[in-house]
Amino acid sequence: MATDRLLAQPGPRPAGGSGARTTQPSASRLPSLTGLRFPAALAVFAYHAALPIPTLRFFADDSTEFRFVDLADQAGGLGVAFFFVLSGFVLTWSARPGDTATGFWRRRMVKIVPNYVVAWALAMIFFAGSYTPVRTAVLNLLMLQVWIPDFNTYFSVDPPSWSLGAELVFYLSFPLLHRALRRIRPERLLYWIGGAVAAIVATPALAYLVLPDTPGVPGGYDSSVVQYWFSYVLPPVRLLDFALGILVALAVRSGRWRDIGMVWSGLLLVAGYVATRWVPYLYAQRVTTVVPIALLVASAAIADRDGRFTPFRNRAMTWLGEISFAFYLLHFIVLTEMRDLLGTKLYSTPEGIGLLLLAIGVTVLLSWILYRLVEAPITKRFSSPRRRPAGPARTS
């Protein structure tokens, strides 16, 4: 079929002349980017742990609780934007010559679907099943909840899992999108990157301008439910983050990327996160951090390619990165169930911090179990179609 050839087409060669050097990596593995996945997942954990709702709150002291909320208020948006940009970058960097679209789709589905279904089932068993309508539960199981502009639908069952509905669209579109973006001449890639960033910046502006501003998002944030859905959840809009990752990977590969290093990229990311406190809510979700995210992803990949030290390439961080997908899916379930088991009691600041650290530890343990028993063996077994044994040789 025609789609089988989408990943097998050769890309354009870098133009000649100064500044057009080719910097092909020696290997497709990027352990620092694997290691960076866990801090991103931990940022999403912090956001959910800080939600000011009784079913998640641990701290008795209001000032401690409010400081925690202020500190982690946009950590979820940061973590999700990082994963979306990272996904486009890594898939482009590791694209296999001669691969087929169906082969690519098969690998992605066996990677994400088993963990997703397990997390969905656990959430339904422990808490969501008692109040989730059947229609909403089915939409969630099929990763279709992100297409419904209703807060209690797109954040249903296991709330962090909404991003997998967006990732599903990314994966389905990647063969065609990758083929199209590879045709861009290397000297024009930075213009396309600028265009992707401009489109991301324009998204909340468009939402505020043309979409109704009521009803508001729960929590009193400066956004309506439909504005938030359009700017933050809707897969075609978040495809811009994914496309940015693809474009940055192509720029790095073609030698058209100016690396500022991981330290400066990290400092810019911190500055972008601090800036979220002074911009409207929808802009804070990803506008102030998406460029530093792209810079950090590129810098980590270049450091790996060049064999330079990074604090994310060690065995512990890469192991945590490997289980980070399971951690992302399970952490809300652990937080909710732990809070339920503890009853209504609130705790002192040291006790609350200890309980949050315990929740992280429990989630890491359960994530390792899910990775070892489900994700790793299923990925290994079903990523490639089974080869039929050769028949006996015929003799004349």
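Val 157 counts as buried because its relative accessibility is 3% (buried means under 20% relative accessible area, exposed over 50%, partly exposed in between, with a 1.4 Å probe and protein chains only). Val 157 is not a glycine, yet its phi is positive, at about 55 degrees. The residue sits in the loop between helix 6 and helix 7 (162–182); helices are DSSP runs of H or I with at least four residues, numbered from the N terminus. This is a predicted model, in which local features need pLDDT of at least 70 and side-chain atom pairs count only at pLDDT 80 or more, while totals for chains, interfaces and linings use all residues. Residues are numbered from 1 along each chain as its sequence is written, and side-chain values use heavy atoms, with hydrogens and water left out.

Ser 156 belongs to the loop between helix 6 and helix 7 and is buried, with a relative accessible area of 5%. Leaving aside residues up to four places away in sequence, Ser 156 touches Thr 136, Asn 140 and Gln 145, where contact means heavy atoms within 4.5 Å.

## Other backbone features

Met 143 is a residue other than glycine with a positive phi, near 60 degrees. Its place is the loop between helix 5 (134–141) and helix 6 (151–154), and Met 143 is buried at a relative accessible area of 5%.

Thr 214 and Pro 215 are joined by a cis peptide bond, with omega about -5 degrees. Pro 215 lies in the loop that runs between helix 8 (189–210) and helix 9 (225–233).

## Aromatic pairs

The structure holds 22 aromatic pairs. Rings of Phe, Tyr and Trp (its six-membered ring) pair if their centres lie within 6.5 Å; planes under 30 degrees apart count as stacked, over 60 as edge-to-face and the rest as tilted. The rings of Phe 104 and Phe 174 have centres 5.0 Å apart and planes at 35 degrees, so this pair is tilted. Phe 104 in helix 4 (residues 101–126) and Phe 174 in helix 7 are 70 residues apart, and the pair links distant parts of the chain. Phe 104 counts as buried at 4% relative accessibility, and Phe 174 is buried at 1%.

For Phe 155 and Tyr 228, the ring centres are 5.9 Å apart and the planes stand at 75 degrees, so the pair is edge-to-face. Phe 155 is in the loop between helix 6 and helix 7 and Tyr 228 is in helix 9, so the pair ties together parts 73 residues apart in sequence. Both Phe 155 and Tyr 228 are buried. Ring pairs link these residues into a cluster with others, including Trp 162, Phe 242 and Tyr 281.

## Helix 1 and helix 15

The axes of helix 1 (residues 31–49) and helix 15 (residues 324–341) come within 9 Å and cross at roughly 15 degrees. Axes are lines fitted to C-alpha atoms, for helices over the stretch in contact, and angles run from 0 to 180 degrees between N-to-C directions. Helix 1 and helix 15 are therefore roughly parallel to each other (angles under 35 degrees count as roughly parallel, over 145 as roughly antiparallel, 65 to 115 as roughly perpendicular and the rest as oblique).

Among the residues that meet are Arg 37, Phe 38 and Phe 45 in helix 1, and Tyr 328, His 331 and Leu 335 in helix 15.

Methods: Helices (H or I, at least four residues) and strands (E, at least two) are DSSP runs, numbered from the N terminus.
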